[in-house]
Amino acid sequence: MKSKLTLLAVLLMASTSVWAGGYQLQEYSVTNAGRAFAGAGIVGDDYSAVAFNPAGMTLRKSGMQLGAMGMDIHSNVEGGSLSDGTATSKGKLRNFKLIPHAFGQYALSENWRLGLGLYVPFGLGTYYNKSWFGRTHSLVSEIETIDIHPSLAWKPLQWLSIGGGFILERMQARLTNTLDSAAGGKSDMNADGWGHGWNAGIMVEPTKTARFGVAYRSPIVQNIKGKHHFQHPNPAVGRKEGYSSTKLVDPEHIQLTAYQEVGKFGLSAMARWTRWSRFNLLSIDSTALAQLGPGRTPSQVDENWRNTWTVSGGVDYHYCKNLTFRTGLAYDQGAVKDPKHRTARVPDANRWIASIGASYKRGNWQIDASYFHMFWSKARVASKANTTGQTEIRGTYHTQLNSLGLSAQYHF
């Protein structure tokens, strides 16, 4: 039987710890983060082209890089729960996540490159206080993914490069919330699954100082399955254990990039369209809640997300042969349309991102550092949680995010 477990919807929501709208991450390149990811994949100053645009691998010879970005999010929410009579209250969401990445490539010949990427394309980690007014909607939401991504690039002409790769993705998640604001009870689910997809890209170089790129990442289907522990607030009902499952589709996106060298400066731009409208309706199975009795109906959670655009521009300044400074600015459109579709697990909203970064070269080594700050618009929430009842919360989120990144590259 199917039950109304909206807590599982967070598997498609991670805006509280992300760069792009919805649950998408891009924090797998410290170098690109310094320019707000403008020109990602075609600038040619790190090895992350495997993930952004595999055609860009032809810009470099053999080498590898390791790095991580720390994401610190802080959010205050003012509001209340209509179910327990709390007119006004306050809540806090604070979380820090370290997001690692690794890339490498090998020059098979002058015109062929073989690459491999290990990185985190989607992720979530939100932790609320146990006594906050929206505890029936969310307490802990964790999701971790990792992509294993081999790629191949070919340069058939002096001005043209093409590339593509296969993506194998692992997803793990944990989701908890209380069942009744007064009587207590708790729902706790752990789930995991595998999915696969692909990406491809083209890079055109009309001159020695200018290039343009187009890249596509396919949707990835995830069949998430796991254990569900259900502690009912009524002692007579007690603890139930079972399994939960749902089918998720990570949406496709198309990314357009440009890069132009002007003296000591490098000018870059990016525009990405993501098909978030795929996340329109969510159905979930739970054998744990089915044990409570007959009459359970399929969950029909109306998410109604919209397709989004992200645009950014960046500038690199090559101060000298060994030292480069960069900065960037981006606008990222939120995927949630309105307050009734915005939840405690995903207070998604439009945002601006300002970034700075630097690279230092020494011999075969390159060290990269970056920092960016994310300015979120106020996000109003007016949503219901279908766990043990139609509990409703209303509130306003004030959110900000800071990120520091560090990586090291070695050129063979």
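Search the whole structure and 13 salt bridges turn up, where a salt bridge is a side-chain nitrogen of Lys or Arg within 4 Å of a carboxyl oxygen of Asp or Glu. Before going further, keep in mind that this is a predicted model, in which local features need pLDDT of at least 70 and side-chain atom pairs count only at pLDDT 80 or more, while totals for chains, interfaces and linings use all residues. Residues are numbered from 1 along each chain as its sequence is written, and side-chain values use heavy atoms, with hydrogens and water left out.

Let's start with Arg 35. Arg 35 forms a salt bridge with Asp 45, and their closest N and O atoms are 2.4 Å apart. Both partners sit in the loop between α1 (30–33) and α2 (49–52), 10 residues apart. Helices here are DSSP runs of H or I with at least four residues, strands are runs of E with at least two, and the numbering goes from the N terminus. Arg 35 is buried and Asp 45 is too, buried meaning under 20% relative accessible area, exposed over 50%, and partly exposed in between (1.4 Å probe, protein chains only).

Arg 35 also forms a salt bridge with Asp 316, with the closest N and O atoms 2.9 Å apart. Because Arg 35 lies in the loop between α1 and α2 and Asp 316 in strand β16, this pair ties together parts that are 281 residues apart in sequence. Asp 316, like Arg 35, is buried.

For another salt bridge, look at Lys 155 and Glu 205, whose side chains meet at 3.6 Å, N to O. Lys 155 belongs to strand β5 (residues 140–157) and Glu 205 to strand β7 (residues 184–207), 50 residues apart. Lys 155 counts as buried because its relative accessibility is 17%, and Glu 205 is buried with a relative accessible area of 14%. Back at Arg 35, salt bridges that share partners join Arg 35, Asp 45, Asp 316 and Arg 326 into one network.

Asp 45 shows up again in the second largest pocket. A pocket here is an open set of points on a 1 Å grid over the protein atoms alone, where a 1.4 Å probe fits, with protein on both sides within 12 Å along at least five of seven lines; lining residues have an atom within 4 Å of a point. This one holds about 270 Å³ of space. Its lining has 15 residues, and those nearest the centre are Asp 45, Tyr 259, His 318, Thr 324 and Lys 361. At least two lining residues come from each of β11 (253–262), β16, β17 and β18 (351–362).

Asn 322 and Lys 361 are 39 residues apart in sequence but 4.7 Å apart in space, C-alpha to C-alpha. Leaving out residues up to four places away in sequence, Asn 322 touches Ser 359, Tyr 360 and Lys 361, a contact being heavy atoms within 4.5 Å. At 34% relative accessibility, Asn 322 counts as partly exposed.

Strand β4 (residues 123–127) has four of its five residues buried, so it is largely enclosed by the rest of the structure.

Finally, the overall picture: the protein chain has three helices and 21 strands, and 56% of its 412 residues count as buried. Among contacts between residues at least 6 apart in sequence, 69% join residues at least 24 apart.

Notes. Points joined across faces, edges and corners; volume = space filled by probe spheres on them.
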